[in-house]
Amino acid sequence: MRTAITLAALAAFAAPAYSQNDDAISVTATRFPERRPQAPVGMTVITAEQISRDTARTLPELLGHLGGLHTRNNSGDPNLQIDLRGFGITGDQNTLVLLDGLRLSEADLESAQLSAIPLESIERIEIVRGAGAVLYGAGATGGTINIITRRSPAGETRGNALARAGGFGTEELRGGFSRQGEVFGGGVAASYEDTDGYRSNSRA
């Protein structure tokens with residue numbers, strides 16, 4: 001009898017904590033806000049805390065590290081080609097990228113300009129695998145990536161700075177500033193990176 005009472009007490013204590021953790025994140029991957037347990041099975045949510053702990057320098061690198069995406073550098077610029085479900089060279093045309101629900105992907109062979117989005121401005125990233133053409137239209141055959149930016153309360157001023165150095169003359173600087181008013185808000189961010197590279201003639 002005593003054992004049964006003890007187990008019941010532990011269950012009653014543990015259940016609320018489990019429920020709160022699961023319900024902590026409200027996602028909008030299907031265009032309608034819903035709690036994490038009711039979200040699609042093939043969905044990945046990358047939180048701001050995970051982003052801050054990662055070593056990625058740009059958003060495409062972060063998606064490769066934490067999002068389970070394959071990335072390719074086909075052009076030499078920071079906007080890597082992303083491939084969500086093995087479409088190969090046409091990965092960009094079959095993966096829809098949204099910023100706060102607005103389409104970033106273009107209907108051509110150009111990669112989405114993801115490197116211009118500061119990592120510090122992201123609240124979370126929702127990645128849904130599987131065709132989303134019914135919800136979002138063309139370009140979502142492989143899946144959808146929705147980047148949700150931070151929403152600061154009115155009157156808040158936010159700033160951030162980062163400096164890193166590494167081997168082969170590698171230097172990186174990032175900084176940003178934002179201010180949210182009662183009606184309008186704005187911000188500015190900048191980044192700088194320089195490296196000699198580990199091979200001859202590979203300075204970037």
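Trainee: In which sense do β10 and strand β11 pair, and over how many bridges?

Mentor: β10 and strand β11, which covers residues 170-180, pair in the antiparallel sense over ten bridges. Two strands are taken to pair if DSSP finds at least two bridges between them, and the strands (E, at least two residues), like the helices (H or I, at least four residues), are DSSP runs numbered from the N terminus. Before we go on, keep in mind that this is a predicted model, in which local features need pLDDT of at least 70 and side-chain atom pairs count only at pLDDT 80 or more, while totals for chains, interfaces and linings use all residues. Residues are numbered from 1 along each chain as its sequence is written, and side-chain values use heavy atoms, with hydrogens and water left out.

Trainee: Changing topic, how many helices and strands does the chain come to?

Mentor: There are four helices and twelve strands in the chain, and 30% of its 204 residues count as buried, a word that here means under 20% relative accessible area, with exposed being over 50% and partly exposed in between (1.4 Å probe, protein chains only).

Trainee: What is the order of the open sheet of five strands?

Mentor: In that sheet the order is β3-β8-β9-β6-β7, and the pairing is mixed. The edges belong to β3 (43-47) and β7 (102-103), each of which has a single partner strand, so one side of each is left without a neighbour in the sheet.

Trainee: Which strands pair with β9 there?

Mentor: Strand β8 (residues 122-129) pairs with strand β9 (residues 143-149) in the antiparallel sense over seven bridges, and in that pairing Ile 127 stands opposite Ile 145. Strand β6 (residues 95-99) pairs with β9 in the parallel sense over five bridges, with Thr 95 standing opposite Gly 143.

Trainee: How many residues of β9 are buried?

Mentor: Seven of its seven residues are buried, and the cover is on both faces, with Gly 143, Ile 145, Ile 147 and Thr 149 on one side and Thr 144, Asn 146 and Ile 148 on the other.

Trainee: What about Tyr 136, buried or exposed?

Mentor: Tyr 136 counts as buried because its relative accessibility is 11%.

Trainee: New topic: what volume does the largest pocket have?

Mentor: Its volume is about 1100 Å³. On a 1 Å grid over the protein atoms alone, a pocket is an open set of points with protein on both sides within 12 Å along at least five of seven lines, a cavity is a set of points where a 1.4 Å probe fits but cannot get out, and lining residues have an atom within 4 Å of a point. Grid points are joined across faces, edges and corners, and a volume is the space filled by probe spheres set on the points.

Trainee: Which residues are the closest to its centre?

Mentor: Among the 44 residues that line the largest pocket, Arg 57, Ser 115, Ile 117, Pro 118 and Leu 119 are the closest to its centre. α3 (59-66), β10, β11 and β12 each supply at least two residues of the lining, and β12 gives the most, with nine.

Trainee: How does the lining of the largest pocket divide by class?

Mentor: The lining has 13 nonpolar, 19 polar and twelve charged residues, where Ala, Val, Leu, Ile, Met, Phe, Trp, Tyr, Cys and Pro count as nonpolar, Asp, Glu, Lys and Arg as charged, and the others, Gly among them, as polar.

Trainee: And how many cavities of 30 Å³ or more does a search of the whole structure find?

Mentor: The search finds one, and the largest cavity has a volume of about 50 Å³. Its lining, which includes Ile 82, Asp 92, Thr 95 and Val 97, divides into three nonpolar, three polar and three charged residues.
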